[in-house]
Amino acid sequence: MPDDFGYINARVKGMRSRLLLPGRIEELLALPDLDGLLAALGNTPYGPELQEALTRYQGIRAVDEALMQHFQKNVRRILSFAEGRARQLIEVVLMDWDLHNLRAVLRAKHAGRNPEEVTENLVPAGQLTEVRLRELAQQPDVAAIASTLSTWGHPLAEALVEGLRDYQETKDLLALELGLDRHYFEWALRMARGSGRSESVVREIVQMEIDHTNVKTALKLQRIPDLPREDRRRFFLPGGAVVSPEVFLNLADPQTAEWGTRELRARGIHPEGSTIADQERSLDEEYARHLARLYLGDPLAIDVVIGFVAMLYSEIRNLRLIARSKVLGIPRDVVRREMALV
């Protein structure tokens, strides 16, 4: 197995042909009900995973299971023909899914939700496989999740253990999540040190994610008008490309938020929408499109892998939306507006 991206990208480009074309997605969206969607998905590259899922689950649960297995199968396949430095860098990128999945598990545990409600939305790609994510979701509390992660020697375990005492005293989930973010971003930037094109691309997308995370945090802090400016500073994550501590503080303070927004736009970040949820979604879409465009980047670097995984994830997300629209009777145009565009 090679550690150069020329061979890896040639294999990944072969996998690209199995993504669904926009016209096929539109056909699935036009189907009248979930039974029709199940039948149609059986004739797509998702067919083998769907048939397996239907032996254990029914309806939308089977769709969720098939989509999760399909995504996991594809990223494992990419890793199977990579080794050395190339594999290391791919694993750094995939670790971001561990971060997002762990956040979802912690939020569910914090809110006292049923473990089954968590697992249906998880997308295993990094070290946290489907089996391990289900095990985390079944843990009784956050302390047990931290202990389990430590047992596995997971890179995010240390940050979770460090934040656990404060969380148990304050129940401040945002602070706990920011501790995880800070740890992951520092780890990822350290792992991507180097002068090569692939290292540069990985650092670039990590820095972009840091900037977007800071913007999302600042938008939330605007809703706490009495919080002293210096207390807002502790929520800032270092390491981004364009969002400085000063821009973050201006955006986070309701009294200077308008000026902070202008500073942000001058740096090329444009959160759109009238609500925080809309603005966060626009940032997520901007990030997803940036990752997907990398598919057309350097054929001898990590660009193609990142672009393909981003496009596959968007497809999975769109199929989940379509499946739910069949169950809930959501109009087609509403679903289309919510679908990821890459």
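Lys and Arg are counted here as positive and Asp and Glu as negative, while His and the chain ends are not counted, and the place of a charge is taken as NZ of Lys, CZ of Arg, CG of Asp or CD of Glu. On this basis the protein carries 45 positive and 50 negative side chains, with the centres of the two sets 2 Å apart. The model is a predicted one, in which local features need pLDDT of at least 70 and side-chain atom pairs count only at pLDDT 80 or more, whereas totals for chains, interfaces and linings use all residues. Residues are numbered from 1 along each chain as its sequence is written, and side-chain values use heavy atoms, with hydrogens and water left out.

The protein contains 18 helices and 0 strands, these being DSSP runs of H or I with at least four residues and of E with at least two, respectively, numbered from the N terminus. Its radius of gyration, taken over C-alpha atoms, is 20 Å, close to the 20 Å that the globule rule (2.2 Å times the number of residues to the power 0.38) gives for 342 residues, so the protein is as compact as a globular protein of that length. Along the principal axes, the C-alpha atoms fill a box of roughly 55 × 45 × 45 Å.

Of the 342 residues, 51% are buried, that is, under 20% relative accessible area with a 1.4 Å probe and protein chains only, where over 50% is exposed and the range in between is partly exposed. Glu 27, located in helix H2 (residues 22-30), counts as partly exposed because its relative accessibility is 46%.
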